[in-house]
Amino acid sequence: MILFPAIDLKDGQCVRLKLGDMAQATVFNDDPAAQARAFESQGFEYLHVVDLNGAFAGESVNGAAVEAILKAVKFPVQLGGGIRTIAHIESWLAKGLARVILGTVAVRDPELVREAARLFPGQVAVGIDARGGRVAVEGWAETSELTAIELGQRFEGAGVAAIIYTDIDRDGVLKGINWPSTLELARAVSIPVIASGGLASMDDIRTMTLPEYQLLEGAISGRALYDGRIDSREALALLKQARAA
């Protein structure tokens with residue numbers, strides 16, 4: 001189980017949204033690269049980054065901030081938000097990203113995702129963001145008719161490295177991860193699933209160490225880390241202990 005600290009970028013700053021609403025953004029750091037270095041120094045193994053403006057615009061908007069992060073740290077970084085073409089994927093991977101996350105395009109053009117996974121094995125993840133069980137796209141501004149499981153199963157056998165599953169109704173409000181829906185998706189696909197949205201406290205970390213949760217690749221934490229509700233050293237020690245058991 002990997003605990004991924006999250007950096008969400010809006011207008012070049014490190015923010016957290018509430019329920020995916022761009023109007024409800026709290027700025028936690030105006031230097032994303034410094035925040036990334038802080039997470040690396042705390043012992044995290046992998047960084048999750050989202051270009052929020054990019055998710056709405058359909059193209060990279062916070063590219064300079066992402067490039068600064070990549071120059072500042074050595075641990076692997078995955079990026080989502082506004083990545084919609086093979087050329088865009090190739091460009092980001094060439095700049096040092098470990099993994100790109102494709103969200104809207106996974107709904108709009110699943111064939112592109114399959115092609116990307118074939119061209120860049122192990123470096124393409126799918127972001128599935130759901131509201132009320134239905135997949136949301138375009139920076140969560142639109143809801144499709146697809147369920148998370150239906151979308152996930154589209155990519156079985158395609159070589160997708162991971163699925164990042166976010167329950168939008170939990171995102172940024174510290175209600176705890178929607179574990180039942182996350183596990184339901186993880187059992188329905190063979191692709192590794194990462195939980196996202198609502199990780200709230202050390203109780204969630206302890207949940208992650210239970211045997212039935214070991215089928216997940218990990219979970220993403222944002223606001224709870226910034227607010228100090230999760231002690232990073234204690235959390236990482238617990239997960240390391242569970243991994244060794």
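User: Which residues point one way from strand 10, and which point the other way?
Analyst: This is a predicted model in which local features need pLDDT of at least 70 and side-chain atom pairs count only at pLDDT 80 or more, while totals for chains, interfaces and linings use all residues. Residues are numbered from 1 along each chain as its sequence is written, and side-chain values use heavy atoms, with hydrogens and water left out. Helices (DSSP runs of H or I, at least four residues) and strands (E, at least two) are numbered from the N terminus. From strand 10, one way point Ala162, Ile164 and Thr166, and the other way point Ile163, Tyr165 and Asp167.

User: How many of the residues of strand 10 are buried?
Analyst: Buried means under 20% relative accessible area, exposed over 50%, and partly exposed in between, with a 1.4 Å probe and protein chains only. The rest of the structure largely encloses strand 10, because the number of its residues that are buried is 6 of the 6.

User: Which residue in strand 11 is the bridge partner of Ile164?
Analyst: Strands pair if DSSP finds at least two bridges between them. Strand 7 (residues 124-131) runs parallel to strand 10 and is joined to it by 6 bridges, with Gly127 partnered by Ile164. Strand 11 (residues 193-196) also pairs with strand 10 in the parallel sense, over 4 bridges. There, the bridge partner of Ile164 is Ile194.

User: With which side chain does the side chain of Asp167 make a polar contact?
Analyst: Asp167 belongs to strand 10 (residues 162-167) and is buried at a relative accessible area of 8%. Leaving aside residues up to four places away in sequence, Asp167 touches (heavy atoms within 4.5 Å) Ala130, Asn178, Ser196 and Gly197. A polar contact is a pair of N or O atoms within 3.5 Å; within protein, one must be able to donate a hydrogen and the other to accept it, and residues adjacent in sequence count only if both atoms are side-chain atoms. At 2.7 Å, the side chain of Asp167 makes such a contact with that of Asn178.

User: Why is the pair of Phe4 and Tyr46 tilted, and at what angle are the planes?
Analyst: The structure holds 5 aromatic pairs, meaning rings of Phe, Tyr and Trp (its six-membered ring) with centres within 6.5 Å; planes under 30 degrees apart count as stacked, over 60 as edge-to-face and the rest as tilted. The ring centres of Phe4 and Tyr46 are 5.2 Å apart, and the pair is tilted because the planes are at 55 degrees.

User: How many residues apart in sequence are the parts that Phe4 and Tyr46 tie together?
Analyst: Both residues are buried, Phe4 at 0% relative accessibility and Tyr46 at 13%. Phe4 lies in strand 1 (residues 2-10) and Tyr46 in the loop between helix 1 (32-41) and strand 4 (47-51), so the parts tied together are apart in sequence by 42 residues.

User: Which residues of helix 4 are buried?
Analyst: The buried side of helix 4 (residues 86-94) packs against helix 3 (63-72), strand 5 (77-80), strand 6 (99-102) and helix 6 (110-119). The face turned away from that side carries the exposed residues Ala87 and Ala94. The buried residues are His88, Ile89, Trp92 and Leu93.

User: Which residue lies over the face of Trp92?
Analyst: A charge sits over a ring if NZ of Lys or CZ of Arg is within 6 Å of the ring centre and within 35 degrees of the ring normal. At 4.9 Å from the ring centre of Trp92, the residue over its face is Lys95.
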